[in-house]
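Subject: Structure for you to look at

Dear colleague,

I am passing on the structure we spoke about, together with notes on what came out of it.

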Amino acid sequence: MSNQRASITRLLPHLYLIDDAGESTCYVICGTERAMVIDTVNGMEDLHAIVRTLTDLPLLVVNTHGHCDHIYGNAFFEEAYIHPADLPLAAEHFAMFQEEYDKRGLKACPFREVAVGHVFDLGGLELEVVCLRGHTAGSIGLLDRQDRLLFSGDGVIPHLWAQLDESLPIAQIRDTYAALNAAHGHEFDHILTGHAQGFLDKSLLDNQLRGCEELLSGQRENDQPYHYFDGDCWQHPVTRDPLEIIVYAEEKL
């Protein structure tokens, strides 16, 4: 199924990926009693209407973190869960979009705070909030033990952005990954990121953990300059095929 921007892929009988024009990805996962929308992409289309073509179950909305390309579609829902550490970041990004919201008669929905360890029961399917702090201070993932999946937002992703002002130091990201692996690494086989086209192998977490350790030990001889919308920094290659990198600023080391 396709809309003007949204491309929908059914990954499992009860799980859908919605790709927003190749810019970001959100998910709809259905239990027997409720459905969860994980992230809300860019807000350029009525995401609620799109979701309603997939399910008529009551909806829960969870934002994995506070960046614009994961929260702007919140305007089409009644409320959304987010980790409190990312509330200031989300407010900053909504302020940047206020003029566009005003033009379209939209406003951001209220947030509800969610803590690591909280379990959402969708009816026959549970998702637990896990800590993925690093890309942002309040980044979270959602662990689906039944399907052996981790929804990781941008917290564990092939092109990890750790150079942003709101990103934590590489040492803290390393600690996040190590703790996740120790506590939950045996409970999932695949990862669905905030910019994915499908399932990624759990080895992505192992690779990015190794990449953090390489950076912290000074193994930077193969690093290359990296340019993004806010300036220049560095990229550290973790694997070549498929390409997995950590984007970082020297002050994060």
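In this predicted model, a polar atom of the side chain of Gln208 lies 2.8 Å from the backbone oxygen of Ile157. Gln208 is part of helix α6, and with a relative accessibility of 0% it counts as buried. Setting aside residues up to four places away in sequence, Gln208 touches Ile157, Pro158, Leu160, Tyr177, Val238, Ile245 and Ile246.

One of those contacts, Tyr177, is also among the buried residues of helix α5, which are Ile170, Ile173, Thr176, Tyr177, Leu180, Asn181 and His184. Viewed down the axis of α5, these buried residues fall within an arc of 125°, and they therefore line one face of the helix. They pack against the strands β9 (126–131), β10 (140–144), β11 (149–153), β12 (159–161) and β17 (244–248), and also against α6 (203–216), the helix that holds Gln208.

The next topic is the aromatic rings, for which the count comes to 12 pairs. Tyr72 and Tyr101 are both buried.

A further pair joins Phe94 and Phe111, whose ring centres are 6.1 Å apart and whose planes stand at 45°, so that this pair is tilted. This pair, too, links distant parts of the chain, for Phe94 is in helix α3 (residues 87–96) and Phe111 is in strand β7 (residues 111–113), 17 residues apart. Phe94 is buried, with a relative accessible area of 8%, while Phe111, at 24% relative accessibility, counts as partly exposed. Ring pairs link Tyr72, Phe94, Phe97, Tyr101 and Phe111 into a cluster.

Finally, how many disulfides does the structure hold? The number is 0. Cys68 is in no disulfide, and the nearest cysteine sulfur to its own, that of Cys26, is 14 Å away. For Cys131, the closest cysteine sulfur is in Cys212, at 13 Å, which is too far for a bond, given that a disulfide calls for sulfur atoms within 2.5 Å. Both Cys68, with a relative accessible area of 24%, and Cys131, at 29% relative accessibility, are partly exposed.

Cys26, by contrast, is buried, with a relative accessible area of 0%, and its place is in strand β3 (residues 24–30). Leaving aside neighbours within four places in sequence, Cys26 is in contact with Tyr16, Leu17, Ile18, Ile38, Asp39, Thr40, Val41 and Leu47. The C-alpha atom of Cys26 is separated by 16 Å from that of Gln4, a residue 22 places away along the chain.

Terms used
Residues numbered from 1 in each chain as written. Predicted model: local features only at pLDDT ≥ 70, side-chain atom pairs only at ≥ 80, totals over all residues. Heavy atoms only, no water. Buried < 20%, exposed > 50% of the residue type's maximum accessible area, 1.4 Å probe, protein only. Helix = DSSP H or I, 4+ residues; strand = E, 2+ residues; numbered from the N terminus. Arc of directions from axis to C-beta. Contact = heavy atoms within 4.5 Å. Polar contact = N/O pair within 3.5 Å; in protein donor to acceptor, adjacent residues only side chain to side chain. Phe/Tyr/Trp six-rings, centres within 6.5 Å; stacked < 30°, edge-to-face > 60°.
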